[in-house]
Amino acid sequence: MLDQHRDYVLRTVEERGVRLVRLWFTDVLGNLKSFAISPAELENALEDGMTFDGSSIDGFSRIQEADVLAVPDPDTFELIPWSEPGAAEARVFCDIHSLDGTPFEGDPRQVLRRHITAAHEEGFTFYLAPDIEFFYFEPPRRGERPQPLDQGSYFDLTTRDAAGDLRKETIRKLEQMSIPVEYSFHEDAPSQQEIDLRHTDALTMADSVMTFRLVVKEVAASQGVHATFMPKPFEAMQGSGMHLHMSLFRGDDNAFYDGDDAHHLSPLAKSFMAGLLVHAAEITAITNQTVNSYKRLVPGFEAPVHISWARNNRSGLIRVPIAKKGNPVATRIEFRSPDPAANPYLVFSVLLAAGMRGIHEGYELAEEADANLFEMDDAALAKLGITQLPQSLSDALRMMESSELVHEALGEHIFEWFLRNKRREWRSYKTHVSQFELDRYLGSV
């Protein structure tokens, strides 16, 4: 099968007159990286990989062990739809290897591969479908507040929804790159958008999320617009999340479905959910990796704060959507805390690790919390045994540092580098004097 994929890639490059092939991968934080090769180098790249200096990539190699191999995954080959006419380009995602051919421990894609392989060995395929929110703004000017394109709200289809054409063009480009879209619409805040991707396996979806973020930005930039996945650009408006719909399948059967259960959730699904809830605080630094992420995770703006689950309660961390007509295939859970600035490879890895821990150790699922948790005081929440997600990046890093699960899930290399990098971010934030502080204290103390 691998030879067939390689042959298809090489034949397509020749038939479509591809001039450049871009090799894509990410650093530890999920920033997309790329270098280009000529078609003449592609066969060699597919066979042996391409050497590059890993020490130049944040979170990769140290100087004394610099070189690594980028090995293209032929399954991910796609033509780039915004190439110049007559100068076709293609992209292919790469797995990063050490020079001896072993998986490189600093590569987020290899981390996810490891977890997917472990799940496959137990007969499971991990499927995800993200609801990705983002904003369109006028091109930013340093020191100025972002300027929305419109004042629209949920599902607006009026002249106020100035971004409608951008969304349509984005969807066209995504589908040209084999990324199917399920829904798209104007979100609640001015100039905020949502595009929901159709479910697929975890590795394909992580690649799709990386491609999605680039396509959104490319299409916007082509029209003089700035797109951002910053979790919370505005103080008084809701932020952008990346809600993740998840399920495990055994072959064609949804392992989360049980027709005899009141919620149609199998015992396996409940243990998976329990794993997510038990380890939620530990994995939050990965699902919400920026200082700004925690400006979104506050009461009153639809983002989850409490570690709980329910069927139709959006104030909790996990929601169990009611499947249309009790469709077994559609039975799933929705994990609501991640934001679109996170690294999808690492997010999917820690979610799968937490859920599988719940299955392996038979975690018991807590009672459903179907009340509006935002309206309950701390005493009432404590009586129900409901705790909160970390309230700052510093709190999240403290929880992550003591987590055996996250350490094992990420591996020593990424675990230690991530903590160091994010502590530096927190230290920089702590010493920053904000406009809020100047306005509040400069003239009064």
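1. In this note, a residue is called buried when its relative accessible area is under 20%, exposed when that area is over 50%, and partly exposed in between (1.4 Å probe, protein chains only). The model is a predicted one, in which local features need pLDDT of at least 70 and side-chain atom pairs count only at pLDDT 80 or more, while totals for chains, interfaces and linings use all residues. Residues are numbered from 1 along each chain as its sequence is written, and side-chain values use heavy atoms, with hydrogens and water left out.

2. Overall form. The protein chain contains 14 helices and 16 strands; these are DSSP runs (helices H or I, at least four residues; strands E, at least two), numbered from the N terminus. The C-alpha trace spans about 65 × 55 × 50 Å along its principal axes. For 445 residues, a compact globule would have a radius of gyration near 22 Å, and the value of 22 Å for the protein chain agrees with this. That radius is taken over C-alpha atoms, and the globule rule is 2.2 Å times the number of residues to the power 0.38. Of the 445 residues, 54% count as buried.

3. The structure holds 18 salt bridges, each defined as a side-chain nitrogen of Lys or Arg within 4 Å of a carboxyl oxygen of Asp or Glu. One of them joins Arg22 and Glu89, at 2.8 Å from N to O. Because Arg22 belongs to strand 1 (residues 20-26) and Glu89 to strand 6 (residues 89-97), this pair ties together parts that are 67 residues apart in sequence. Arg22 is partly exposed at 27% relative accessibility, whereas Glu89 is buried at 18%. Another salt bridge pairs Glu334 with Arg319, whose closest N and O atoms are 2.6 Å apart. Here strand 16 (residues 333-335) supplies Glu334 and strand 15 (residues 316-319) supplies Arg319, 15 residues apart. Both Glu334 and Arg319 are buried.

4. Lys422 and Glu425 form a salt bridge of 2.6 Å, N to O. Both residues lie in helix 13, 3 residues apart, or about one turn of the helix. Lys422 is buried, with a relative accessible area of 3%, while Glu425 is partly exposed at 25%. Elsewhere, a network of salt bridges links Asp73, Asp95, Arg109, Arg113 and Asp207.

5. Surface patches. Patches are made of residues with over 30% relative accessible area and no salt bridge; like charges are joined within 9 Å, and nonpolar side chains (Val, Leu, Ile, Met, Phe, Trp, Tyr) within 5 Å. Arg420, Arg424, Arg427 and Lys430 form a positive patch. Among them, Arg420 sits in helix 13 (residues 412-431) and is partly exposed at 44% relative accessibility. A nonpolar patch of about 290 Å² is made by Val433, Leu438 and Leu442. Leu438 is placed in helix 14 (residues 435-441) and is partly exposed, with a relative accessible area of 36%.

6. Backbone points to inspect. Ser191 is not a glycine, yet has a positive phi of about 70°. Ser191 is in the loop between strand 8 (181-186) and strand 9 (192-197) and is buried, with a relative accessible area of 0%. His264, also not a glycine, has a positive phi of about 60°. The loop between strand 13 (253-254) and helix 6 (267-278) holds His264, which is partly exposed at 27%.

Note on methods. Accessible areas come from the Shrake-Rupley method with a 1.4 Å probe; for residues, only the protein chains shown count as cover. Lys and Arg count as positive and Asp and Glu as negative; His and the chain ends are not counted. The place of a charge is taken as NZ of Lys, CZ of Arg, CG of Asp or CD of Glu.
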